[in-house]
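I opened my notebook to look up a few things in this structure. My entries follow, in the order I made them.

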Amino acid sequence: MKSWSCIEKCGACCRFDLTEREDLSKVLNNNDIALINSMTSKDGWCKYLDKSNKKCMIYESRPHFCRVNEFSKFFKGYLKTGDKFLIDCCKQHISSIYGSKSKEMKMFKISVSKK
Ligand code: SF4
Ligand code: SF4
């Protein structure tokens, strides 16, 4: 079975639009939502993402909802199907941000197929 892992130079999940993320809104509390709003730039990207290399500038102290291994257990889909759920989530993010034929999608597919 394929295992999920994050890839470098992606950051697709660091762009927030809670109106399109019903799944997220259900598991976040008001403090989380306020924090997301404070982190989000006008263009929708997290202000802590270094766009030149797509790296998180506060990686060690990033919020709990950015820690996939911890946060995923709040989703029924993850409890049911494990890494398949995470892989599908990443594909959705990558596809909506960069496109289904993007280099980020190719890199992600290669990464998860190696596991
Ligand atoms: S969308 Fe997935 S692969 Fe891309 S940065 Fe987020 S967790 Fe990593
Ligand atoms: S804090 Fe870091 S991991 Fe979380 S959304 Fe912002 S850039 Fe991405």
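Predicted model: local features only at pLDDT ≥ 70, side-chain atom pairs only at ≥ 80, totals over all residues.

**Entry: pockets and ligands**

I began with a term: on a 1 Å grid over the protein atoms alone, a pocket is an open set of points with protein on both sides within 12 Å along at least five of seven lines, whereas a cavity is a set of points where a 1.4 Å probe fits but cannot get out; lining residues have an atom within 4 Å of a point. A molecule sits in a pocket or cavity if more than half of its atoms lie within 2 Å of its grid points.

Residues are numbered from 1 along each chain as its sequence is written, chains are lettered from A and ligands numbered from 1 in the order in which they are written, and side-chain values use heavy atoms, with hydrogens and water left out.

Where does ligand 2 sit? I found ligand 2 in the largest pocket.

Around ligand 2 I wrote down Cys-14, Phe-16, Met-39, Cys-46, Tyr-48, Leu-49, Cys-56, Ile-58, Pro-63 and Cys-66. Around ligand 1 I wrote down Trp-4, Cys-6, Ile-7, Cys-10, Gly-11, Ala-12, Cys-13, Cys-90 and Phe-108.

I sorted both shells by class. Ala, Val, Leu, Ile, Met, Phe, Trp, Tyr, Cys and Pro count as nonpolar, Asp, Glu, Lys and Arg as charged, and the others, Gly among them, as polar. The shell of ligand 2 has 10 nonpolar residues, no polar and no charged. The shell of ligand 1 has eight nonpolar, one polar and no charged.

**Entry: cysteines**

How many disulfides does the structure hold? I counted zero. A disulfide is a pair of cysteine sulfur atoms within 2.5 Å. I checked Cys-89: its closest cysteine sulfur is in Cys-90, 7.0 Å away, so that is too far for a bond.

I also looked at burial. Buried means under 20% relative accessible area, exposed means over 50%, and partly exposed is in between (1.4 Å probe, protein chains only). Cys-46, one of the residues around ligand 2, is buried at 9%.

I placed Glu-104 in helix 6, residues 103-113. Helices (H or I, at least four residues) and strands (E, at least two) are DSSP runs, numbered from the N terminus. Is Glu-104 buried or exposed? Glu-104 is buried, with a relative accessible area of 5%.

Contact means heavy atoms within 4.5 Å. Leaving aside neighbours within four places in sequence, Glu-104 contacts Ile-7, Lys-9, Cys-10, Lys-54, Ile-94 and Tyr-98.

I followed two of these partners. Lys-9 lies in the segment before helix 1 and is exposed at 55%. Its phi is near 55°, a positive value in a residue other than glycine. Most residues other than glycine have a negative phi. Lys-54 lies in the loop between strand 1 (49-50) and strand 2 (55-56). Lys-54 also has a positive phi, about 60°, although it is not a glycine. Lys-54 is partly exposed at 23%.

**Entry: Lys-2**

Lys-2 lies in the segment before helix 1 (22-27). With a relative accessible area of 47%, Lys-2 is partly exposed. Which residues does Lys-2 contact, leaving aside its neighbours within four places in sequence? I found Asp-83, Ile-87, Val-112 and Ser-113. Lys-2 and Lys-84 are 82 residues apart along the chain, and their C-alpha atoms are separated by 7.3 Å.

Val-27 is in helix 1 and is partly exposed at 25%. Val-27 touches Phe-71, Phe-74 and Phe-75, not counting residues up to four places away in sequence.

Ile-110 is in helix 6 and counts as partly exposed at 46%. From Ile-110 to Ile-7 I noted 103 residues in sequence and 9.9 Å in space, C-alpha to C-alpha.

Ser-102 lies in the loop between helix 5 (83-98) and helix 6. Ser-102 is buried at 8%.

Conventions
Near = heavy atom within 4 Å.
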